[in-house]
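This note is intended for a colleague who is opening the structure for the first time. The points below concern the ligand and the space around it.

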Amino acid sequence: MKVVNEANLNFLSRSSNESYARIATAGFFTQLDPTVDEISDIKTAVSEAVTNCIVHAYRDTLGKIYLTVRILEDRTAYIKIRDRGCGIPDVKQAMEPMFTTAAQEERAGLGFAVMQAFMDKVTVRSNPGKGTTVTMVKKLQSRGEHD
Ligand SMILES: Nc1ncnc2c1ncn2[C@@H]1O[C@H](COP(=O)(O)OP(=O)(O)OP(=O)(O)O)[C@@H](O)[C@H]1O
Ligand SMILES: [Mg+2]
């Protein structure tokens with residue numbers, strides 16, 4: 001699909017940068033005049049993906065997180081979140097609701113399920129030892145002619 005606009009951001013896997021990534025993403029998509037619900041869905045999905053990089057990919061270390069946001073044709077929002085962390089040995093299993101490698105009382109294992117619920121499509125590619133890339137797409141409602 002044709003890229004209409006794009007921005008890239010990279011930041012350290014400090015937990016304070018989760019809100020930065022979420023707000024920067026929301027700011028970028030403001031140009032599409034999204035609904036309050038759409039922007040909230042996008043922020044939640046980004047928050048889950050970035051939190052995974054912080055708590056899983058770079059568990060006991062600090063590393064870089066790479067965020068790409070794009071507007072594709074037909075009001076399609078595209079988000080890519082990449083890390084160079086530990087990777088996921090079994091992506092299919094990791095994406096199952098309630099699957100977590102964290103202590104049960106610590107994490108619900110619902111991050112990927114939330115991303116899938118709020119976005120149209122979520123794709124995860126991972127290389128153990130090399131890192132993980134999460135790509136998410138959501139087509140925004142058409143806003144009609146209001147002027
Ligand atoms: N970027 C990543 N790098 C390495 N492992 C990851 C990454 N993202 C997810 N995982 C693995 O996939 C599992 C499932 O992720 P998911 O976000 O669904 O649940 P969670 O993070 O364990 O819990 P929750 O998101 O509900 O707090 C994680 O427990 C972790 O093992
Ligand atoms: Mg998670």
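1. The model is predicted, and the remarks that follow should be read on that basis.

2. Thr100 places a polar side-chain atom 2.5 Å from an oxygen atom of ligand 1. For His56, a polar side-chain atom lies 2.7 Å from an oxygen atom of ligand 1.

3. Around ligand 1 there are 19 residues, of which Asn52, His56, Thr100, Thr101 and Leu110 come nearest. By class, this shell comprises eight nonpolar, eight polar and three charged residues.

4. Which helices each supply at least two residues of the shell around ligand 1? They are helix 2 (36-57) and helix 4 (111-118). Helix 2 makes the greatest contribution to this shell, with four residues.

5. The space that ligand 1 takes up is the largest pocket. This pocket has a volume of about 700 Å³. It is lined by 32 residues, and those closest to its centre are Asn52, His56, Thr100, Thr101 and Phe112.

6. Several elements each supply at least two residues of the pocket lining: helix 2, strand 3 (76-83), helix 3 (91-94), helix 4 and strand 5 (131-139). Helix 2 gives the most to this lining, with eight residues. The lining of the largest pocket divides into 16 nonpolar, ten polar and six charged residues.

7. In summary, helix 2 gives the most to the shell around ligand 1 and also the most to the lining of the largest pocket. His56 and Thr100 are among the residues that come nearest to ligand 1, and both are also listed among those closest to the centre of the largest pocket.

Terms used. Residues are numbered from 1 along each chain as its sequence is written. Chains are lettered from A and ligands numbered from 1 in the order in which they are written. This is a predicted model: local features need pLDDT of at least 70, side-chain atom pairs count only at pLDDT 80 or more; totals for chains, interfaces and linings use all residues. Side-chain values use heavy atoms; hydrogens and water are left out. A residue is near a molecule or strand if one of its heavy atoms lies within 4 Å of it. A polar contact is a pair of N or O atoms within 3.5 Å; within protein, one must be able to donate a hydrogen and the other to accept it, and residues adjacent in sequence count only if both atoms are side-chain atoms. On a 1 Å grid over the protein atoms alone, a cavity is a set of points where a 1.4 Å probe fits but cannot get out, and a pocket is an open set with protein on both sides within 12 Å along at least five of seven lines; lining residues have an atom within 4 Å of a point. A molecule sits in a cavity or pocket if more than half of its atoms lie within 2 Å of its grid points. Ala, Val, Leu, Ile, Met, Phe, Trp, Tyr, Cys and Pro count as nonpolar, Asp, Glu, Lys and Arg as charged, and the others, Gly among them, as polar. Grid points are joined across faces, edges and corners, and a volume is the space filled by probe spheres set on the points.
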